Amino acid sequence: MAFVIASPAFAENGSIPAQYTCEGADMSPALSWSGAPRSTRSFALIVDDPDAPDPSAPRKTWVHWVAYNIPAEAHELSPDQARQGLPPGTLQGLNDWRKTGYGGPCPPIGRHRYFHKLYALDTVLPDLGNPTKAQLLNAMTGHVLAEARLVGTYQKSES
């Protein structure tokens, strides 16, 4: 069985509803997954945008969410769970707003892609403090059993 991640809020390469963005409630979307390897001990989640600031001339991958030590028994996150309380043991890192937790899509120009990457790990990581994406990826080196990916898109409404 393939390791997959999905959301009831948007389809693969589909538009992310405004409620999950800076133009709405800025809440994390519901996510669910299946097919993780049996030896999975925890999950890590990174949500980022490789199209910043402008999809026609990207210069940076903007990080929206870093979470790790999601329990191996977990198979979903509810809407707004980043603020309402993640599964016990789950830790979060810094996004590119230099804040802990989820920051929704808020592209300055054009339609951007948002990659929701879930990693199945063979370990529970130590407390890394408030790691950046790079620090988490470094800590995960040698521990990734599988990766699942879901891409959503968003473009701000005309004002």
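**View A. Surroundings of F3 in the predicted model.** In this predicted model, and with neighbours within four places in sequence set aside, F3 is in contact with W33, S34, G35 and A36, with F43, with L118, Y119 and A120, and with A146, E147 and A148. F3 also belongs to the largest nonpolar core, which has 26 residues, and F3, I5, W33, L45 and W65 are the members that touch the most others in it. Strands β3 (31-34), β4, β5, β8 and β9 are the elements that give two or more residues to this core, and β9 gives the most, with four residues.

View B. As a general background to both views, nonpolar side chains tend to be buried together in soluble globular proteins.

View C. Six strands, in the order β2-β9-β8-β4-β5-β7, form an open sheet whose pairing is mixed. Because β2 (14-15) and β7 stand at the edges with a single partner strand each, one side of each of these two strands is left without a neighbour in the sheet.

**View D. Strand pairs within the sheet.** By contrast, β2 runs parallel to strand β9 (residues 144-154), to which two bridges join it, and here G14 stands opposite G152 in β9.

**View E. The salt bridge between D48 and K117.** The side chains of D48 and K117 meet in a salt bridge with an N to O distance of 2.8 Å. This pair links distant parts of the chain, since D48 lies in strand β4 (residues 42-52) and K117 in strand β8 (residues 112-121), 69 residues apart. With burial set at under 20% relative accessible area, D48 counts as buried because its relative accessibility is 2%, and K117 counts as buried because its value is 12%.

**View F. The salt bridge between D96 and K60.** D96 forms a salt bridge with K60, and the closest N and O atoms are 3.2 Å apart. Because D96 lies in the loop between β7 (91-92) and β8 while K60 lies in strand β5 (residues 60-71), the pair ties together parts that are 36 residues apart in sequence. D96 is partly exposed, with a relative accessible area of 23%, and K60 also counts as partly exposed, at 39% relative accessibility.

View G. The side chains of D80 and R83 meet in a salt bridge, at 3.0 Å from N to O. Here D80 is buried, with a relative accessible area of 11%, whereas R83 counts as exposed, at 52% relative accessibility. Elsewhere, salt bridges that share partners join D48, K117 and K133 into one network. The count of salt bridges in the model comes to five.

Notes. Residues are numbered from 1 along each chain as its sequence is written. This is a predicted model: local features need pLDDT of at least 70, side-chain atom pairs count only at pLDDT 80 or more; totals for chains, interfaces and linings use all residues. Side-chain values use heavy atoms; hydrogens and water are left out. A salt bridge is a side-chain nitrogen of Lys or Arg within 4 Å of a carboxyl oxygen of Asp or Glu. Buried means under 20% relative accessible area, exposed over 50%, partly exposed in between (1.4 Å probe, protein chains only). Two strands pair if DSSP finds at least two bridges between them. A nonpolar core is a set of buried Ala, Val, Leu, Ile, Met, Phe, Trp, Tyr and Cys residues joined through side-chain atoms within 4.5 Å. Contact means heavy atoms within 4.5 Å.
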